[in-house]
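Hello,

Here is the structure I promised to hand over to you. Please open it next to this message, and then read on for what turned up in it.

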Amino acid sequence: MSRTITILLPPERTDAVAARLGGCEGVVGLGLQRGGSLKPAGDVLTVQATNQGLAAARQVLDEHGIGTDVGLVTTGNPSSLIAAQGQDAISCEDDEADWEEMNTLMRQDTNIGSNFLLAMFLAGVVAAAGLWTDTLHIVIGAMVIAPGFEPILRVPFGLLGGRNQATLHGLKSTAGGYAALLLGAALAMLFLGMASPSAASLGEQHWVQYWTKAEISSVLVSLAAGAAGAVIIAAQHSVLTTGVMIALALIPTMTIVGMAVVSLEFVLAGKALLRWALDVVCVVAGGGSVFLLKRRMQHRGAA
């Protein structure tokens with residue numbers, strides 16, 4: 001996964017940074033536009049690099065305080081990269097995202113906003129309908145709708161990377177998102193209960209019983225799913241996190257909590273809440289373990 005790095009920096013640092021970048025392994029192209037930046041005022045360096053070259057370039061920029069003390073740095077993925085002097089390196093590059101890219105990916109998918117909250121609310125409505133009718137594919141549809149995985153994963157990412165803001169926003173998004181889902185499930189249950197007053201008890205439904213039990217296999221699946229989600233984020237394939245959500249019980253369990261409270265089945269609500277908390281712990285443990293290994297082996301010095 002090749003990268004284009006655009007660097008806006010003060011003129012007095014340009015020559016030193018350019019010289020260092022030009023000697024980095026994996027940097028296959030380097031351009032300079034003197035005075036090309038208006039804000040912040042200065043020069044523009046454009047770097048074409050392999051995925052491995054991105055890590056080397058980031059280290060150089062950190063050493064010169066570019067992006068932290070002064071200047072601005074952006075990265076992007078070109079549709080293709082053809083370089084006469086670096087084609088072998090390009091052909092062998094991997095798909096490992098930079099630590100900052102992972103942070104940006106999770107930030108744009110999990111910060112609290114109207115779309116995020118509405119998606120979680122509607123997922124609660126859909127999941128409630130599926131659980132009430134004991135229809136699995138409807139519940140799976142709710143799991144695909146809900147962006148409920150990455151807010152939780154952002155917590156261990158922030159803790160391990162020393163990013164207190166990431167941790168804080170992850171906690172806020174998790175609380176706000178699942179509160180919206182809980183509300184959607186509760187309101188849906190009020191409607192369903194009035195529409196079908198003679199329906200069977202919520203606790204008698206097959207899938208409700210399934211998602212309120214915790215077994216060794218459940219823990220194993222949740223740990224593996226949490227770890228897989230961190231790998232997916234590291235590879236910048238966030239679209240695949242829908243598969244992680246289907247493997248986890250986060251959406252149906254919190255939906256059951258909302259439905260059970262409305263139905264005054266508080267024991268059932270407690271069981272569902274415990275199962276939800278178990279999945280949260282598994283995501284933090286599984287995903288956090290992957291981030292810890294990657295930070296020590298591939299992202300040393302990332303902050």
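Let me begin with a definition: two strands count as paired if DSSP finds at least two bridges between them. With that in mind, look at Arg-3, which stands opposite Ala-49 in β3. Please remember throughout that this is a predicted model.

**The chain as a whole**

The protein chain has 303 residues, and 46% of them count as buried. Its secondary structure comes to 13 helices and four strands. If you draw a box around the C-alpha atoms along the principal axes, it comes to roughly 75 × 35 × 30 Å. How much of the contact in the chain comes from residues 24 or more positions apart? Among contacts with a separation of 6 or more, such residues account for 77%.

**The sheet**

In what order do the four strands of the open sheet lie? The order is β2-β3-β1-β4, and the pairing is antiparallel. At the edges are β2 (27-38) and β4 (72-76), each of which pairs on one side only. From one strand to the next, the twist averages 15 degrees.

You can walk across the sheet pair by pair. β2 and β3 (residues 41-49) run antiparallel and are joined by eight bridges. One place to look is Leu-38, whose bridge partner in β3 is Ala-41. Helix α1 (residues 11-22) packs on the sheet, where it touches β1 (3-9), β2 and β3. The direction of α1 makes about 10 degrees with that of β3.

Next comes β1, which is joined to β3 by seven bridges and runs antiparallel to it. On its other pairing, β1 meets β4 in the antiparallel sense over five bridges. There, Ile-7 stands opposite Val-73 in β4. Is β1 mostly covered or mostly open? It is mostly covered, with five of its seven residues buried. Helix α2 (residues 51-63) lies across β1, β2, β3 and β4, and runs at about 15 degrees to β1.

**Aromatic pairs**

A pair of aromatic rings is described by two values, the distance of the centres and the angle of the planes. The structure holds five such pairs. In one of them, the ring centres of Phe-157 and Phe-291 are 5.2 Å apart and the planes stand at 75 degrees, so this pair is edge-to-face. Phe-157 sits in helix α7 (residues 150-161) and Phe-291 in helix α13 (residues 266-297), so you will find them 134 residues apart, in distant parts of the chain linked by the pair. Both Phe-157 and Phe-291 are buried.

Tyr-178 and Trp-276 also form an edge-to-face pair, 5.2 Å from centre to centre and with 65 degrees between the planes. Because Tyr-178 lies in helix α8 (residues 164-195) and Trp-276 in helix α13, this pair ties together parts that are 98 residues apart in sequence. Tyr-178 is buried, with a relative accessible area of 4%, and Trp-276 is buried too, at 14%. Elsewhere, ring pairs link Trp-207, Tyr-210 and Trp-211 into a cluster.

**A closer look at Thr-212**

Where does Thr-212 sit? It is in the loop between α9 (206-211) and α10 (216-234). Why does Thr-212 count as buried? Its relative accessible area is 14%, and the cut-off for buried is under 20%.

The side chain of Thr-212 has two backbone oxygens to look for. It reaches the backbone oxygen of Val-208 at 2.8 Å, and a polar atom of this side chain lies 3.1 Å from the backbone oxygen of Gln-209. Setting aside neighbours within four places in sequence, Thr-212 is in contact with Ile-256, Leu-268, Lys-271 and Ala-272.

**Cysteines**

A disulfide is a covalent bond between the sulfur atoms of two cysteines.

Best wishes

Technical notes. Residues numbered from 1 in each chain as written. Predicted model: local features only at pLDDT ≥ 70, side-chain atom pairs only at ≥ 80, totals over all residues. Heavy atoms only, no water. Helix = DSSP H or I, 4+ residues; strand = E, 2+ residues; numbered from the N terminus. Buried < 20%, exposed > 50% of the residue type's maximum accessible area, 1.4 Å probe, protein only. Polar contact = N/O pair within 3.5 Å; in protein donor to acceptor, adjacent residues only side chain to side chain. Contact = heavy atoms within 4.5 Å. Axes fitted to C-alpha atoms, helices over the stretch in contact; angles between N-to-C directions. Phe/Tyr/Trp six-rings, centres within 6.5 Å; stacked < 30°, edge-to-face > 60°.
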